[in-house]
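Here is a friendly walk through the model you are about to see. Keep the viewer open and follow along.

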Amino acid sequence: MANKQQNTPVIQNRKANHQYFVDETFEVGVMLIGSEVKSIRDGKCTIGEAWIDVDEKKNEIWLIGARIDEYLFANRFNHFPERKRKLLAHTHEIQKMRKAKELKGCPIVPLKLYFKNRRAKLEIGICRGKD
């Protein structure tokens, strides 16, 4: 059988490379609704204004400010374009991010959104601001 190439887009945050030095990167999963997945596959997503928030009480991380446009054919089952999305990561990675944010004041920024083995993945980075 021949290998099938998927033409899934890679959504990048180009502003992050100009505004920050990236110290460490993590690959995390994203919890999405079906219409969001279809919209991302169409390339109707922006993560340029997004950031990552660490919830210390529940030990969770959230993607805030990302815009995934509504899918045209979803009708009443569509999603809200700018909702908070939960990110899936290991606890030791979440602890690293929390410590970097608290002690060093480093922002956590989404760098790239892509599909890997039919699952949505987000590459996030602990960054330092350029002076």
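## Two asparagines in loops

In this predicted model, Asn117 has a relative accessibility of 71%, so it counts as exposed, the cut-off being over 50%. Asn117 lies in the loop that links S8 to S9. Its backbone is worth a look too: phi of Asn117 is near 55°, a positive value in a residue other than glycine. For context, most residues other than glycine have a negative phi.

Asn59 also has a positive phi, of about 60°, without being a glycine. You will find Asn59 in the loop between S4 and S5. With a relative accessible area of 25%, Asn59 is partly exposed.

## The nonpolar core

Which residues touch the most other members of the largest nonpolar core? They are Ile52, Ile61, Leu87, Met97, Leu113, Leu122 and Ile124, in a core of 26 residues. Two or more core residues come from each of these elements: strands S2 (20-30), S4 (51-55), S5 (60-64), S8 (108-116) and S9 (119-129), and helix H3 (91-104). S9 gives the largest share, four residues.

Rolling a probe the size of a water molecule over the atoms shows where empty space is left. Here the count comes to one cavity of 30 Å³ or more. The largest cavity has a volume of about 40 Å³.

To find the largest cavity in your viewer, select its lining: Val30, Leu32, Ile40, Cys45, Ile47, Leu63, Ala66, Ile68, Arg85 and Leu113. By class, nine of these residues are nonpolar, one is charged and none is polar.

## Aromatic rings and their partners

How many aromatic pairs does a search of the whole structure find? The search finds one. The ring centres of Tyr71 and Phe73 are 5.9 Å apart and their planes meet at 70°, so the pair is edge-to-face, a class that needs an angle over 60 degrees. Is Phe73 buried or exposed? Phe73 counts as exposed, at 62% relative accessibility.

Charged side chains sit over other rings. The charged end of Arg41 is placed over the ring of Phe115, 4.0 Å from its centre. Lys84 lies over the face of Trp62, with 4.7 Å to the ring centre.

Key:
Residues are numbered from 1 along each chain as its sequence is written. This is a predicted model: local features need pLDDT of at least 70, side-chain atom pairs count only at pLDDT 80 or more; totals for chains, interfaces and linings use all residues. Side-chain values use heavy atoms; hydrogens and water are left out. Rings of Phe, Tyr and Trp (its six-membered ring) pair if their centres lie within 6.5 Å; planes under 30 degrees apart count as stacked, over 60 as edge-to-face and the rest as tilted. Buried means under 20% relative accessible area, exposed over 50%, partly exposed in between (1.4 Å probe, protein chains only). A charge sits over a ring if NZ of Lys or CZ of Arg is within 6 Å of the ring centre and within 35 degrees of the ring normal. On a 1 Å grid over the protein atoms alone, a cavity is a set of points where a 1.4 Å probe fits but cannot get out, and a pocket is an open set with protein on both sides within 12 Å along at least five of seven lines; lining residues have an atom within 4 Å of a point. Grid points are joined across faces, edges and corners, and a volume is the space filled by probe spheres set on the points. Ala, Val, Leu, Ile, Met, Phe, Trp, Tyr, Cys and Pro count as nonpolar, Asp, Glu, Lys and Arg as charged, and the others, Gly among them, as polar. A nonpolar core is a set of buried Ala, Val, Leu, Ile, Met, Phe, Trp, Tyr and Cys residues joined through side-chain atoms within 4.5 Å.
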